[in-house]
Structures are given as structure tokens and as C-alpha cells.
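Please read the points below alongside the sequence and the model, taking them in order. They are meant as a guide for someone meeting this structure for the first time.

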Amino acid sequence: MKLVFAGTPEVAVPALDALIASERHDVVAVVTRPDAPAGRGRRLVASPVAQRAEEAGIEVLKPARPRDEDFLARLRQIAPDCCPVVAYGALLPKAALDVPVHGWVNLHFSLLPAWRGAAPVQHAVMAGDEMTGASTFQIEEGLDSGPVYGVITEHVRPTDTSGDLLTRLAFAGSGLLAATMDGIEDGSLKPVPQPAEGITLAPKIAVEDARVEWSAPALRVDRVVRGCTPAPGAWTVFRGERLKLIHVGLLPERTELAPGVLAVGKNNVYVGTGSHEVELLWVQPQGKKPMRAADWARGVRIAPGERLGQEH
């Protein structure tokens, strides 16, 4: 089939690579989000998908909005058979959905209908799911509600961050997307409507959602930190400044500390939660690089009874 691939971040690159490598399909163009400011200089930088497509000599389309008439005209000109999508990042209008013969097929990182929305992997980790996966489905105008072509499953490991899990799903899912394209081409795959039960939503995690509540149980604190790593980054407040939490460790149950209260050992930093203490392992103070929590604690000289989470 003649394919136009739509995707933007690094997590979409393995699927693009799998389709470029396929002998049965031809990726003739890529649709991606416009260049965005990045780094300290805030220079405009092309998306990872755009960079990979340019390396491969593939035409790159960067519409400000997918409803732009210039973009729709070019898409109609190309006349793709199918448009595979991975984390493109913009809603597709009906005018675009109607162009390819076999529609737009999305690789979504959850077992649909669970976790429909922008942040399925973060929500799966934060909810404590033991099993997740990826699904390919036909895009329609509703949110991730179209019929499903195929699924793969993936165990959520006890120490997985959303970044760890997303990396594994990106590579495993790339094979699923390529196989879905094969099945659509030879007619062996027909999409199956999603069940009406079991629908959960996974909206984008806002920075405020990533703030750790120390009155929550230790297990919840651990899940929020893992689910928000690397983005948007779990955080708390210490002496009125934001402190990013990169890694905490669950401990055998000891409840000597009140929620948020810090205790410093020789090489360890503990903090109380609503159930029992967790160990702070890696943190990132405002304007500094990530560091071991023990090194941070030595530098700031924590006083007895000082706590995290207080604005002043």
C-alpha cells in the first residue's frame, strides 16, 4: 500500500522505521507537528519523526492545523491507500479522514477501551495496572473509539516509569502496526468494535496533577513518581521552591514519620507518607541537575522536623 505516516515524538520513530523497512508498503510522505522551540536557546527544532523522514528522503508535511486547505489538497494529490498514525498530537478533521481508501489507523498504547486519550501509559502506571499493551484501531471522529484491528499485551513491572514502559511499547507496537498494514492490504484483517464496558479516560497529565500528596499512601506516592517520569515530572515543594522527584524507593512498613516529614541517615533520606515511609533516591532541585537525594540533603542541611510539601 501507499502510506502517509502521521507522528511527532521519539516514541513514533520505531513504527516509522518498521514501515520504511517493510517490503510490502511504500511510505511516500510523513505528517508531523510544526517545528517547536527546544533547548536553552529555544531554537525551532523539527520533530523526531520529521528528522527521521528527512534522513530517509521522505516528503514531510507540517500543517499548522490538519484542516488547512493546502495540506488537504496535497493529501488528496498523494492519494494514500492508508494513513498509519502514532502520537501525531492533533485532531484529524473528517475532510482528512475521508482521503485514504482504508482510512487512518492509529497505534495507541493501551488495551482499548481502557485509557482512551493523550496519556494512556502514565495513567496505567499511576493506576497500578499490572497489564497493559497496545492496540491498532480505525480512527473515527470520537476519541480513540474506533474499531480495533489488533492488540499486543505487556506486563507493567513494579519499577517501571512511564518512560520505560512507553519505550518497550513503542518497539513492540511497531511490529503490530506493520502487521496491521499487511492484514488490511491482503484483506485478512477486519476491525472489531470496542466493547461498551471498561472505558477509562487518560487525559494529558497537567503539571498540577504531578504534585505529590504526602498524605497519600506510600504505594500511591511511588506510582505518581513513576507515572510522571520523565514527563511532566513529579514534584513537591521544599523551603518554598519546587523539588522534582525522580525516583523513590518503597520500604518495609515503618511509620515513625508524619506525612512529608524528612529524616536523614548517613546515606539515606526518608520521608513520611499517609501509610509508611518511602526513601528519596533521586531528586532535582530547581535550576540544577538531577542528584542523589543523600547529596541534596547534605547540601541543604535539613533541620529536624522539616517537611516536604509546605509552601513556606
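**Notes on the sheet, the helices and the loops**

1. An open sheet of mixed pairing is built from seven strands in the order β5-β2-β1-β6-β7-β8-β9, where two strands are taken to pair if DSSP finds at least two bridges between them. At its edges stand β5 (59-61) and β9 (148-155), each of which pairs on one side only, and the twist from one strand to the next averages 20 degrees. This is a predicted model, in which local features need pLDDT of at least 70 and side-chain atom pairs count only at pLDDT 80 or more, whereas totals for chains, interfaces and linings use all residues. Residues are numbered from 1 along each chain as its sequence is written, and side-chain values use heavy atoms, with hydrogens and water left out.

2. Strand β2 (residues 26-31) pairs with β5 in the parallel sense, over three bridges, and within this pairing V31 stands opposite L61 of β5. Strands (E, at least two residues) and helices (H or I, at least four) are DSSP runs numbered from the N terminus.

3. Helix α6 (residues 162-186) packs on the sheet, touching β1 (2-7), β6 (83-86), β7 (104-108), β8 (131-138) and β9, with contact meaning heavy atoms within 4.5 Å. The direction of α6 makes about 155 degrees with that of β9; for such angles, axes are lines fitted to C-alpha atoms, for helices over the stretch in contact, and the angles run from 0 to 180 degrees between N-to-C directions.

4. With 25 residues, α6 reaches 35 Å from its first C-alpha to its last, close to the 36 Å expected at 1.5 Å a residue, the expected span being 1.5 Å times one less than the number of residues. After α6 comes G187, whose phi is positive, near 80 degrees.

5. Helix α7 (residues 218-227) is largely enclosed by the rest of the structure, because seven of its ten residues are buried; buried means under 20% relative accessible area, exposed over 50%, and partly exposed in between (1.4 Å probe, protein chains only). Among the buried residues of α7 are V221, D222 and R226, and the buried residues pack against α5 (120-126), α6, β10, β11 and β14 (278-285).

6. Two cis peptide bonds deserve a look: one runs from T229 to P230, with omega near 10 degrees, and another joins A231 and P232, with omega about 0 degrees.

7. Where is R239 placed? R239 sits in the loop between β10 (234-238) and β11 (241-250), and is partly exposed, with a relative accessible area of 44%. Phi of R239 is near 50 degrees, a positive value in a residue other than glycine. A polar atom of the R239 side chain lies 2.9 Å from the backbone oxygen of V300, and 3.1 Å separates a polar atom of that side chain from the backbone oxygen of R301; a polar contact is a pair of N or O atoms within 3.5 Å, where, within protein, one must be able to donate a hydrogen and the other to accept it, and residues adjacent in sequence count only if both atoms are side-chain atoms.

8. R301 itself belongs to the segment after α8 (293-300), counts as exposed at 71% relative accessibility, and has a positive phi of about 50 degrees although it is not a glycine.
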